[in-house]
Amino acid sequence: PMLTRVRAGQLPTRLPGLAALQPAGGDIEVPYLEAWQAVELLVDDHGEDAVRRLIAAGASTGSDADAEAATDAALETVLGTSRAALTRAWQQRLRELAG
């Protein structure tokens with residue numbers, strides 16, 4: 001379903017957030033697969049240890065806004081990238097997978 005959507009021109013414009021990955025919110029198959037591809041991209045580009053450091057640095061027990069800010073800061077400090085750059089690379093990966 002994920003690649004079918006991409007082939008149909010429905011490329012996601014943003015990385016899936018926590019709300020999209022909640023089973024109570026409906027079908028999580030596509031958001032889960034999209035999130036998985038983002039993680040795979042990070043592992044391919046930076047390695048598993050860097051992704052572990054990113055997760056630790058981005059952890060937040062605050063509000064959704066706090067979590068977003070922590071993630072953005074961790075992307076920059078741990079991986080030297082931004083959410084926008086990651087999103088562009090992830091979209092390219094989805095396009096490539098969709099062929």
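# Reading burial, contacts and packing

User: How exposed is glutamine 22, going by its relative accessible area?

Analyst: Glutamine 22 is partly exposed, because its relative accessible area is 36%, which falls between the cut-offs of under 20% for buried and over 50% for exposed. Keep in mind that this is a predicted model.

User: Where is glutamine 22 found, and what does its side chain reach?

Analyst: Glutamine 22 sits in the loop that joins helix 1 (2-7) to helix 2 (29-46). Its side chain reaches the backbone oxygen of leucine 18, at 3.4 Å.

User: Which side chain makes a polar contact with that of arginine 93?

Analyst: The side chain of glutamine 37 does, at 2.8 Å. Glutamine 37 belongs to helix 2 and is buried, since its relative accessible area is 14%, and the cut-off for buried is under 20%. Beyond four places in sequence, glutamine 37 is in contact with Met2, Trp90, Arg93, Leu94 and Leu97.

User: Is alanine 98 buried or exposed?

Analyst: Alanine 98 counts as buried, because its relative accessibility is 8%. Alanine 98 also lies in helix 5, and it touches Leu3, Val6 and Arg7 when residues up to four places away are not counted.

User: Why would nonpolar side chains gather inside a protein?

Analyst: In soluble globular proteins, nonpolar side chains tend to be buried together. Here, the largest nonpolar core has 17 residues, and those with the most contacts inside it are Leu42, Leu54, Leu79, Leu86 and Trp90. At least two residues of this core come from each of helix 1, helix 2, helix 3, helix 4 (64-79) and helix 5 (83-98).

User: Which residues does leucine 42 touch?

Analyst: Setting aside residues up to four places away in sequence, leucine 42 touches Gly47, Val51, Leu54, Leu79 and Leu86.

User: How do helix 2 and helix 3 lie relative to each other?

Analyst: Helix 2 and helix 3 (residues 48-58) pack at about 125 degrees, with axes 7 Å apart. They are therefore oblique to each other. Leu42, Val43 and His46 of helix 2 make the contact with Glu48, Ala50, Val51 and Leu54 of helix 3. By class, that contact has 5 nonpolar, 1 polar and 1 charged residues.

User: Where does threonine 81 lie, and is it buried or exposed?

Analyst: Threonine 81 is in the loop between helix 4 and helix 5. Threonine 81 is buried because its relative accessible area is 19%, and the limit for buried is under 20%. Its contacts beyond four places in sequence are Leu75, Glu76 and Leu86.

Terms used: Residues numbered from 1 in each chain as written. Predicted model: local features only at pLDDT ≥ 70, side-chain atom pairs only at ≥ 80, totals over all residues. Heavy atoms only, no water. Helix = DSSP H or I, 4+ residues; strand = E, 2+ residues; numbered from the N terminus. Buried < 20%, exposed > 50% of the residue type's maximum accessible area, 1.4 Å probe, protein only. Polar contact = N/O pair within 3.5 Å; in protein donor to acceptor, adjacent residues only side chain to side chain. Axes fitted to C-alpha atoms, helices over the stretch in contact; angles between N-to-C directions. Parallel < 35°, antiparallel > 145°, perpendicular 65-115°, else oblique. Contact = heavy atoms within 4.5 Å. Nonpolar A, V, L, I, M, F, W, Y, C, P; charged D, E, K, R; others polar. Core = buried A, V, L, I, M, F, W, Y, C linked by side-chain atoms within 4.5 Å.
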